[in-house]
Structures are given as C-alpha cells and as structure tokens.
Amino acid sequence: MGEQQVISDEIFPPIDQEKTIKQVRRFLDKKLPQAVRASGHSVADLKSPSMDGMPKSSPAGNSAEDRITRRLYAENVFGYFDIRFDFS
C-alpha cells in the first residue's frame, strides 16, 4: 500500500487546497461570467444535461434543408393558387 501511495504522488502531485479554492472562485466569479457574456447567452441558460436513462440517437438528415424545402414548396403551392384564382 505504501508503494502505491509513492507512485501516485509521483504521477499526481499533492493538491494545494487553498490555491485550488482561490482558482475555482476566480473562475466562477470572473472568467465564467465573461465567457457567458461573450457568447451572447445568460448564466441562466447554463444547465446540466438531463439524463432519463433511455437511449437516444441524434437526428439524421439536414433540418435546415428540410425547412427550406418546405418553405419553397409552400410558396409554389400559394403561387399556383394565386395564379389560378387571381386573389388580387
């Protein structure tokens, strides 16, 4: 057990708790709000991911392309009715 402790101290030096606390506070108080403001979001937008335990897959396809295609189709349909029934 003593040998294992020596090896882990060589790989991972002991943690300076006071220095770590100061660095974390500085990050949370100064750096994080700056980064959030720069991103254009609010701190309220930050939230932990929700895990319900159910497997999920990412959506396949191109949603931007689908929206454009639906809009063009709708414009074509409206144009057809506008010509056929002369709404003006």
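These questions and answers walk through a predicted model, helix H2 in particular. Local features need pLDDT of at least 70, side-chain atom pairs count only at pLDDT 80 or more, and totals for chains, interfaces and linings use all residues. Residues are numbered from 1 along each chain as its sequence is written, and side-chain values use heavy atoms, without hydrogens and water.

Visitor: Which pattern does the protein follow along the sequence?
Guide: Helices (H or I, at least four residues) and strands (E, at least two) are DSSP runs, numbered from the N terminus. There are three helices and zero strands. Read in order, the pattern is α-α-α.

Visitor: What reach does H2 have from its first C-alpha to its last?
Guide: H2 covers residues 17-39, 23 residues in total.

Visitor: Where does H2 bend by about 40°?
Guide: The bend is the angle between axes fitted to the seven residues ending at a residue and the seven starting there. For H2, that residue is Phe27.

Visitor: Is Phe27 buried, exposed or partly exposed, and why?
Guide: Buried means under 20% relative accessible area, exposed over 50%, partly exposed in between (1.4 Å probe, protein chains only). Phe27 has 43% relative accessibility. Therefore Phe27 counts as partly exposed.

Visitor: Which residue takes a positive phi just after H2?
Guide: H2 ends at residue 39. The phi that follows is about 85°, and the residue is Gly40.

How values were computed
Expected span 1.5 Å × (residues − 1).
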